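Let's take a walk through a protein model together, one piece at a time. Keep the picture open beside you as you read.

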Amino acid sequence: MGKRREKETTRRQFLRLGDGKKKDVVVVVFLRGAADGLNLVVPHAEPRYYELRPTLAVPRPDDTSADDSERGIALDDRFSFHPLLSPLLPSFRAGELAVVHAVGSDDQTRSHFEAQDRMEHAGRTEGSESSGWLARYLRQSGRKSGLSSAAIGTQLPESLRGAPAVSVLQTLDDYRLGKERDPELERALRALYAPAPAPGDALAPGDALASAGVDALGTLARLEALGVAGEGHRAAYRDDNFARGLREVARLIHADVGLEAASVDLGDWDTHFVQANLFPSNVSTLAHGLAAFREDLGDTMQRVTVVVMTEFGRRAYENSSLGTDHGRAGVMFLMGGAVHGGRVITDWPGLAEDQLEQPGDLAVTIDYRDVLAELVERRLGADSSTIFPGHEATDRGVFRK
Amino acid sequence: MPSRRDFLGAASLGAAATALGGCDSVLGAVSRRLGADVPDRIVAPSGPQIDDTHHLLDRAAFGPWPGDVERVKKLGAERWIDEQLDPESIGDAACRVRTAVIDTVHLPSSLLFEVRPKWVEKQLVTHTLLQAIYSKRQLKEVMVSFWTDHFNIAIGKSLCRHLKTGDDRDVIRQNALGSFRRLLGASAKSAAMLVYLDGRDNKKSEPEDRPNENYARELLELHTLGVRGGYTQNDVMEAARCLTGWVVREKWAPGTVEFDAKRHDDGKKIVLGKTIAAGGGAKDVDSLLDVLVAHPACGRFLAQKLCRFFVADDPPRALVERVAAAFESSGGDIPTLLRTILTSVEFRGSKGQKLKRPFRYVVSSLRALGADAHARGELQRYLERMGHKPFQYPTPDGYPNVAGEWLATMLWRWNFALALAEGRLGDAKIDVDELLDALGADKKNPVTPVMRHLLGRDPTPAEREALEAYLASEPGQRQPRRALALALASPAFQRH
């Protein structure tokens with residue numbers, strides 16, 4: 001009884017986006033391989049952090065023994081940015097970027113694949129039928145515009161599994177069939193992949209391969225209509241896959257073809273070995289990509305929310321090979337016009353021995369679904385209880401009311 | 001062991017031979033003479049259902065080469081399987097000629113450190129493609145593809161470009177059709193695996209030093225027991241202790257794997273309730289692998305994975321259980337598992353239920369058309385586009401094996417089909433006239449014989465209508481190529 005009332009109270013706290021309001025485009029950036037939250041957003045007020053990470057710790061913002069470029073950048077009196085996140089400072093200071101710390105899922109396997117699937121499905125791991133949370137949102141949103149969702153890369157991310165029509169693209173420009181357009185060929189393929197039902201057909205109705213073929217033909221037609229070449233860019237993106245991916249998403253948003261959700265991956269965060277080799281360039285790629293994206297979108301950022309997430313964080317102590325092993329809680333970043341930013345949102349669990357989760361991990365004190373549920377309700381105008389079944393969300397105040 | 005001078009000589013000879021424009025055509029002609037050719041006459045299967053032999057070759061091989069279906073029918077399916085499970089008994093001269101210019105795959109890792117890593121990688125991918133297309137030891141090649149994913153190594157990590165060639169040859173190919181335990185043991189001491197999953201950095205726990213548990217975790221989760229195999233975080237840490245001390249030399253014979261007793265944790269360990277006594281030293285790894293392979297979850301996990309690979313995305317439980325039992329009774333003998341699967345009623349009843357992964361789609365297209373392929377640049381780029389270039393999968397779980405993961409590749413499959421059939425690939429040429437003559441096809445309307453040849457059955461009325469309408473839209477010289485392109489692009493040829 002008491003529990004039910006609590007749930008209702010919680011639900012009422014989310015002021016759902018009104019029907020007439022324009023929904024945000026949601027862009028999910030997934031940091032694959034478990035990004036080290038403790039070195040992305042450093043708890044510099046914890047002396048224990050420096051004991052656990054004798055070689056890997058980011059020096060305190062006021063540590064004058066360290067080079068200026070190596071010190072953390074203070075966000076408040078407890079947390080600082082990794083120095084290479086500095087391109088994101090303007091967004092943070094403008095109140096458009098929020099950090100959520102000690103956030104994660106209840107997955108205990110510490111397996112990349114289990115935890116990623118779990119997080120992208122948002123609560124459902126068993127069985128091949130499980131769909132992704134973005135897919136469930138897209139099914140609910142009901143707008144069946146052509147390019148409603150796009151995944152930049154070569155593989156469909158789990159978050160979009162089961163989406164009504166998802167385009168997996170590397171770049172928009174080279175999405176074409178054959179040397180030149182051949183309507184007869186497209187007609188023939190349509191006849192093969194979407195045949196009129198007849199007994200003894202190779203394709204059953206609703207067959208996944210048939211829909212994949214029809215989707216591919218549909219995307220071709222949509223991009224043809226879009227006129228892919230020549231769209232100018234308002235920002236200097238770096239020349240890496242991540243920046244290119246964000247640039248393609250920005251093009252789709254500018255083109256106003258009905259994009260509702262997009263997904264871009266940034267990999268290589270599995271820093272078991274000499275973290276100092278891989279981590280800094282990844283941090284820099286992340287920060288520069290997001291900063292360029294924000295600059296490119298300009299005022300359009302008012303109706304875009306970027307969610308940066310990872311499957312779990314890394315162990316609080318460093319290992320013998322100057323790296324970190326799989327841990328539990330990590331960080332999320334939220335960027336967008338409606339984000340109540342400029343803050344590190346956390347229910348900080350602490351790093352003392354008895355505060356860590358065995359065998360030495362930052363404890364999860366905020367469920368990542370709290371953040372996504374708030375996004376879904378406040379910015380996407382959808383019902384979070386069907387998108388995150390079984391989860392009773394707590395309002396963390398990530399978005400402005 | 002070849003000296004460096006021998007190798008450099010061979011490399012420059014190979015490079016010089018490759019530089020001569022005529023070399024490809026000479027190689028092609030010689031290998032055709034040795035059997036990689038299109039026979040004068042092909043009897044394509046007919047009837048409404050996929051032919052049994054065609055089905056077998058579509059799963060236990062990378063699809064039939066022209067003439068294969070008749071050959072296997074004559075030999076009998078069971079005898080063909082026996083032969084395939086004893087690959088050394090099969091002559092493979094044509095394939096050897098095709099791959100003769102690829103010298104890097106024969107060299108020890110220490111010498112591969114002297115060669116540009118990108119080149120070593122490219123040569124290995126070319127070799128993998130040519131073997132899959134031309135080897136007569138097809139079941140071995142299919143299993144090489146299976147194990148390459150099972151023991152996945154992303155070639156871009158650290159020294160893996162130098163080391164994966166040795167892993168491919170001495171771990172995967174050497175043991176693809178042998179004992180699972182030996183394959184697992186070879187992988188555990190593979191330099192490439194020690195680098196890829198940080199095993200070389202796993203050393204005994206000091207007060208401020210903890211073991212690196214990366215390999216130990218994947219060994220349990222991905223190589224033997226499966227994520228729900230019943231182990232705990234503590235088992236992972238104990239397994240990691242067993243695995244401490246193995247290192248890879250980076251200077252003086254680089255790539256050599258050694259055991260450094262000083263880095264090894266020689267205390268007692270308990271894994272999955274089994275005690276591994278103190279003082280085991282370098283033998284700890286073998287004791288650990290024995291415990292894992294003897295655990296019931298290991299046979300079940302592999303049975304499930306093999307049945308998913310060979311039979312259906314959601315394989316029949318009864319078959320999985322029989323294969324798991326075969327694993328236990330044979331002590332993990334791979335041929336026994338494969339025989340159980342390939343001769344089962346479930347296998348026979350699963351025709352056309354799998355979606356070809358892009359690698360199989362490309363290779364089975366080239367085989368079906370009897371292509372003259374060199375697999376250097378373009379084919380590799382097509383595979384890259386479809387997200388299935390060998391050795392590129394970024395995480396240790398290997399390329400996925402269920403249809404849902406590959407449905408976003410349709411456009412690039414079609415583009416490949418068009419380029420191959422229209423003769424636009426410099427990397428793979430087909431002789432359309434020769435193939436159609438062998439099929440006895442009418443060049444104005446080759447639809448039925450072409451579909452029978454590619455699918456192992458008659459085209460459905462809807463398929464025939466779609467193809468004929470396409471051909472009718474532009475009558476002329478290009479009809480046979482257009483028919484081939486659309487047949488390769490059709491949904492039925494995406495399946496196997």
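Which residue of chain B does the side chain of R315(A) meet in a salt bridge? The partner is E213(B), with N and O 3.6 Å apart. A salt bridge here is a side-chain nitrogen of Lys or Arg within 4 Å of a carboxyl oxygen of Asp or Glu.

Before going on, a word on what you're looking at. This is a predicted model, where local features need pLDDT of at least 70 and side-chain atom pairs count only at pLDDT 80 or more, while totals for chains, interfaces and linings use all residues. Residues are numbered from 1 along each chain as its sequence is written, chains are lettered from A and ligands numbered from 1 in the order in which they are written, and side-chain values use heavy atoms, with hydrogens and water left out.

Now back to where the two chains meet. Across the interface of chain A and chain B, the rule finds three salt bridges. Chain A brings 50 residues to the contact and chain B brings 53, where contact means heavy atoms within 4.5 Å. Together the chains bury about 4,400 Å², and carbon and sulfur atoms give 59% of that. Buried area is the accessible area (1.4 Å probe) that two parts lose on being put together, summed over both.

Let's look at chain A by itself. It has twelve helices and twelve strands; these are DSSP runs numbered from the N terminus, with helices (H or I) of at least four residues and strands (E) of at least two. Of its 401 residues, 58% are buried, meaning under 20% relative accessible area, with exposed being over 50% and partly exposed in between (1.4 Å probe, protein chains only).

Two strands count as paired if DSSP finds at least two bridges between them, and β3(A) and β4 (residues 80-81) of chain A have two. Look for I73(A), which stands opposite F81(A) in β4(A).

For a parallel pair, turn to β6 (residues 149-152) and β7 of chain A, joined by four bridges. There, A151(A) has V168(A) in β7(A) as its bridge partner. In a regular strand the side chains alternate between the two faces of the sheet. In β7 (residues 166-169) of chain A, V166(A) and V168(A) lie on one side, S167(A) and L169(A) on the other, and all are buried.

Over to chain B, which is divided into domain 1 (4-191 + 355-408), domain 2 (197-294) and domain 3 (296-348), with bounds from an automatic or database domain assignment.

Last stop: D167(B), in helix α10 (residues 160-175) of chain B. D167(B) counts as buried because its relative accessibility is 3%.
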